[in-house]
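Below is a short briefing for reading the model alongside its sequence. Confidence comes first, then one chain as a whole, then a single residue.

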Amino acid sequence: MIDLDEVREKLKEVYDPEIGINVVDLGLIYKLEEVEEGTLHIEMTMTTPGCPAHDNISQAVEWTASLAAGVGLVKVDVVWDPPWSPEKMSEAARAQLHF
Amino acid sequence: MQTLARTPAGGITTSQSPPFSLPIRYMLLGMVGFLVFAVDLVIQSSGLNGHNTFLPSIVALTHLLTLGSLLAFVMGAVYQLSTVAFLVPIKTVTVAKWNFWLYAISIVGLIISMMVWWVMGLMIFGTLAVIAIYLYSLIIIWSVMATNLRGAMQWFVLSAHVYLIVAVSLALLLIISFMVPGFLANVYQPLLLSHIIFAAGGFFTFLAMGFSFKLLPMFTLSHGFSTSRQKWTLILLHIALWAFIAGIWLNDRSALWVAGIIGIAAFINHLFDVRGIMKKRLRKNTEAPIYAVLIAAYSGGFAFLLLFVQLGVALQIAGWQEIVTFYLMGWITLTVMGFAYKIIPFLIWNERFRKKIGKEKTPMIADLLHPNRAKPVLIGFLAGLILLTVCSLMEWIPGTVIGTLMIGASIAVFAIQLLLVVNLKKVGKER
């Protein structure tokens, strides 16, 4: 059994290197789901299609999530629908951007 | 434990970046070019005024900026950014890599030939440089044509590269006219002006505007801005460019006026677009390099205004050298400098830290070169440019010398800052 809250906390260690805000607070993580025992499915997005940091961030999410207890397999899907929007950011992220 | 990262079935692939060694070799050449240009500019500062434009040393200095610095850097940036903006890979990375050596050798030879005015050298190295630029342009056109994304940005970038081909073809005709006495002698001036217009107003302007539509939102995290004006800027800019060409070849002053007015309209329209992007930005703390890009766009419009005043009020073409210098420095060079401060740290971070992200503590991109460090450099550059332009128009030599020295010093610091981020000891070992 995967503790999804633990995964979410771990993903807060993955930062967008340009903006300096973690992927959870940026609202890039759309879905965390244990699809079967030990298999974690992550659906995420990027702030912009073609984001040059795409590979780095999705691989870092994949690696970091795999460190959580009970995770045997991680599948990361980068999706563009729905597109990312500022409303998906946390209050902390908005404050950091002075938004 | 297994991991699997993938894009959704039928989804678009967004990461098409070429190997690091492709863009960085061109950008490195550009950075070294900027440094050499800065030194040469300082050395020649006492002799710079609108009357010396055709001295071999000044022709060489101009091309050290345009070919040795700006174009070299921009070629690297375009190889990287085309994949980001259009979500397509570069068609032939191997040819693009080898073409670098052709380009580098040819422009070094060409600029030295200009300095000593060796016409055979101009012919040999000029031809090689034209081949290298044709190859580069065709690779980009081929790559960008393959995109599924439709919009004005694609046409800006395609137009830019078509105009680059035209600009360097005209340059070759100019060189042939030096070799063959009498050949094209009666159209030398329109040929030269067309070469400048297609290069500065065509290639660099279309490219700077086109990529601004992607880079400004990306670096300011802007979302939800309108893109409806972009196509009008594109159309206005094409009309302005061809009106200039018509005015020059037909010696028709009214066509030049029309070109000036439409050019101003194109920049105003572009500035509305830029303002729209900035209004919707999420990163409210605007960094110095982004301010530089904004000021550069205003400078471009102001240069067209100066040209219009020159043609309409002073009723003469003489004096275009100062305006072209202002356009080249204030619009094109400042735009490249602003974006370079953002692109180079990102590229280096991506190459050196991407595999460590999530596994160990990695620096932020701003830790490699904080944008605040660009501020004094860009202010110095702008102050120098304003001084140079005003004093050149007033023909006050001490002012032009001080302005030139300020520009030279600023560009030198800019190039050194970027070269320190790149770190030549490390970069040679990277893929």
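What is the mean pLDDT of chain A, and what percentage of its residues reach 70 or more? The mean is 89, and 98% of the residues of chain A reach 70 or more; pLDDT is the predictor's confidence in each residue, from 0 to 100. This is a predicted model, in which local features need pLDDT of at least 70, side-chain atom pairs count only at pLDDT 80 or more, and totals for chains, interfaces and linings use all residues. Residues are numbered from 1 along each chain as its sequence is written, while chains are lettered from A and ligands numbered from 1 in the order in which they are written.

**Confidence by element**
- Helices (H or I, at least four residues) and strands (E, at least two) are DSSP runs, numbered from the N terminus.

**Chain B overall**
- Chain B contains 14 helices and one strand.
- The C-alpha trace of chain B spans about 75 × 45 × 40 Å along its principal axes.
- Of its 431 residues, 48% count as buried (20 or more other C-beta atoms within 10 Å of the residue's own; exposed is 12 or fewer, partly exposed in between; C-beta atoms are placed from the backbone).

**Ile21(A)**
- Ile21(A) sits in the loop between helix 1 (4-11) and strand 1 (29-36) of chain A.
- Ile21(A) is buried because 22 other C-beta atoms lie within 10 Å.
- The C-alpha atoms of Ile21(A) and Phe99(A) are separated by 13 Å, at 78 residues apart along the chain.
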